[in-house]
Amino acid sequence: MWDYSETVKEHFFNPRNAGAVDDANAIGEVGSLSCGDALRLTLKVDPTTEIILDAGFQTFGCGSAIASSSALTEIIKGMTLDTALQVSNQDIAEYLEGLPPEKMHCSVMGREALQAAVANYRGEAWQDDHEEGALVCKCFAVDAVLIEDTIRANGLGTVQEVTNYTKAGGGCSACHEGIEEILTRILAEQGKTFDPIAASAPPMRKPKLGTLARIRRIENAIEAIRPNLQRDRGDVELVDIDGKNVYVNMTGACSGCQLASTTLEGIQQRIVEDLGERVRVLPAGQRQAPSAEGRGVPA
Amino acid sequence: MSPEAKAPAPGIYLDNNATTRADPAVVDAMLPFFTEQFGNPSSLHQFGNRVGRALKTARQQVQALLGAELESEIVFTSCGTESDSTAILSALKAQPERREIITTAVEHPAVLSLCEHLEKEGYKVHYLQVDEKGRLDMQQYLESLSNKVAIVSVMWANNETGTLFPVEEMAELARSAGVMFHTDAVQAVGKLPMDLKRTTIDMLSLSGHKLHAPKGIGVLYLRRGTRFRPLLRGGHQERGRRAGTENSASIVGLGKACELALAHMEDEKIRVGMLRDRLERGILAAVPNCFVTGDPANRLPNTCNIAFEYIEGEAILLLLNRLGIAASSGSACTSGSLEPSHVMRAMDIPFTAAHGTTRFSLSRYNTAEEIDRVVDAVPPIVAQLRKLSPYWDAAANAPVAEPEQAFQPAYA
């Protein structure tokens with residue numbers, strides 16, 4: 001059985017706003033019957049203020065789908081449509097005190113039902129923009145379709161690159177066989193072969209960089225990684241470079257995350273590849289303050 | 001207080017196809033083998049000898065339940081999955097010129113995942129299809145048999161629906177075609193009488209924890225003369241067919257469990273069968289829009305799988321669990337996959353019903369009083385979830401008109 005939070009259980013056992021709103025003027029229907037999760041969201045919107053006066057849901061789905069639907073209706077009641085559209089699936093998951101990785105799609109379904117309902121109210125056509133695949137990486141909840149798309153879009157060829165771009169495989173590493181299978185298949189489509197040996201030892205024969213060029217390279221590498229972290233409500237900033245040590249601050253969801261050290265390794269790998277030299281990426285907090293300045297400053 | 005805390009202990013356990021509780025007599029038989037009977041059965045001295053004799057008794061107890069001709073045909077393994085892998089990989093190793101396998105679309109993952117993996121290694125796998133009641137396409141079977149096939153592996157009873165396959169007849173056909181026959185009988189052993197010496201089944205897998213023995217012990221029945229290549233090589237345990245020091249306590253427990261299963265065989269068929277029928281009739285009479293999946297006329301006496309239309313199985317299980325009732329479901333969500341059970345899909349059960357399939361699997365420990373409580377508990381749970389369902393008209397207490405047209409969600 002899943003490890004549901006108390007809030008998920010509470011919203012499942014006692015769902016709020018169940019059933020259709022009688023005089024609804026906005027309806028969103030999303031979901032996938034093959035996956036066994038589908039949701040109809042009905043809203044009553046004040047035409048002058050665009051405030052959501054009432055919201056109701058009807059859900060064909062599992063415990064977390066019902067809880068996510070219930071949470072969504074509670075969150076958006078009283079909001080204007082524009083404010084409600086800012087609600088992300090992470091907001092729904094956070095409201096429920098977290099969802100298992102296999103169940104994050106339930107919160108995505110909630111957000112999309114809202115988008116569909118708003119589009120319906122405004123007389124616009126709504127098109128969902130993602131396709132969901134089988135879950136490959138359970139540590140970071142990355143599915144096969146995202147991995148495939150990222151490999152194709154960026155011409156990736158190694159498990160390490162897939163981890164750097166998608167985070168898949170960066171945790172317990174149990175899914176590396178699955179990632180290798182996807183790589184093998186996609187490279188075969190492109191007439192190439194997957195080579196696990198070449199993958200493990202990136203060649204390092206880039207010319208030595210000047211100090212300024214070196215700092216820019218490191219900055220650019222970190223900039224390239226930030227969108228991945230921001231997708232999970234985290235972030236990273238460059239604090240200082242001291243010889244072979246690169247000091248960064250992990251912020252947002254990354255700070256205190258159990259997998260922060262794994263994320264740091266991913267950042268380090270990326271910088272090492274871009275720079276062509278070995279550096280260590282360290283949290284700025286671990287930095288030994290120079291003794292002259294550090295005196296009298298409480299840690 | 002959490003909702004679970006209200007559940008009456010110890011609860012009603014109707015998930016015996018997933019696993020069973022070890023019989024207290026089994027546990028009693030095992031305990032000395034963790035303490036004074038600690039010897040290695042391979043050792044020459046008295047410590048080893050006593051354990052060796054206990055293993056021989058256990059082997060005979062398994063032999064009796066299966067109706068095997070010889071006790072040497074019983075090979076102890078760690079689980080049903082190991083037995084399945086050993087059987088299939090052995091057949092491929094022993095007959096390298098044969099590159100095809102016949103199995104069914106509704107096997108347990110222990111066989112299905114292995115076959116899918118073997119396909120990637122270049123083997124051809126024939127997946128026999130089933131009809132809407134889960135019955136095998138025997139014509140397809142006959143057409144697939146050839147001298148290119150290394151092994152046929154077909155389950156005796158389906159774990160989800162309890163539907164039985166005609167494995168004895170299929171083994172005869174395989175023998176006539178000169179093809180090895182293996183059956184995954186993990187769900188059938190202990191629930192159906194067997195007399196393997198009168199069949200042409202070459203290999204059979206069983207798992208201890210499905211018949212009130214502990215987890216972590218299984219058997220591969222290997223008919224004398226069947227060409228065999230071990231999965232694990234090493235010591236001479238199990239006559240070199242499965243190396244590794246014997247799990248003596250669990251083997252003794254499995255022997256005892258087999259003896260008990262043989263003694264309770266009639267009880268399993270008659271009393272457990274009647275309880276299952278009582279449960280099924282009670283639910284079907286009280287709940288609209290539900291039906292039994294599989295082949296009700298030809299299935300295990302302990303299994304009942306009901307599809308509740310327009311609601312989802314995990315939600316049903318969570319609400320049952322709150323009342324202390326344990327069952328299982330074929331919905332996608334309970335396994336974290338993207339599709340409902342492959343067994344339900346193979347039978348062409350529509351998505352709106354496949355996700356609501358709920359399996360109740362009984363054991364000889366269940367009572368009529370428990371069954372009546374479940375019959376009372378299920379209808380309000382189904383009604384509660386249907387109130388939330390976009391396919392259900394709460395006022396009319398019936399599905400909305402043309403449910404598949406009335407609600408057509410965009411793929412999200």
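Which strands of chain A does helix H11 (residues 260–275) lie across? Helix H11 of chain A lies across E6, E7 and E8 of chain A. This is a predicted model, where local features need pLDDT of at least 70 and side-chain atom pairs count only at pLDDT 80 or more, while totals for chains, interfaces and linings use all residues. Residues are numbered from 1 along each chain as its sequence is written, and chains are lettered from A and ligands numbered from 1 in the order in which they are written.

**The sheet in chain A**
- Three strands make an open sheet in the order E6-E7-E8, with mixed pairing (strands pair if DSSP finds at least two bridges between them).
- Helices (H or I, at least four residues) and strands (E, at least two) are DSSP runs, numbered from the N terminus.
- Strands E6 (234–242) and E8 (280–283) of chain A sit at the edges with a single partner strand each, so one side of each has no neighbour in the sheet.
- From one strand to the next, the twist averages 35° (axes are lines fitted to C-alpha atoms, for helices over the stretch in contact, and angles run from 0 to 180 degrees between N-to-C directions).
- E6(A) pairs with E7(A) (residues 245–252) in the antiparallel sense over 8 bridges, and Asp240(A) stands opposite Tyr247(A) in E7(A).

**Helices on that sheet**
- Helix H10 (residues 211–231) of chain A packs on the sheet and touches E6 and E7 of chain A (contact means C-beta atoms, placed from the backbone, within 7 Å).
- H10(A) makes about 165° with E6(A), while H11(A) runs at about 145° to E8(A).

**Domains of chain B**
- Chain B has domain 1 (24–263) and domain 2 (265–391), with bounds from an automatic or database domain assignment.
- 20 residues of domain 1 of chain B are in contact with 20 residues of domain 2 of chain B.

Key: Contact = placed C-beta atoms within 7 Å.
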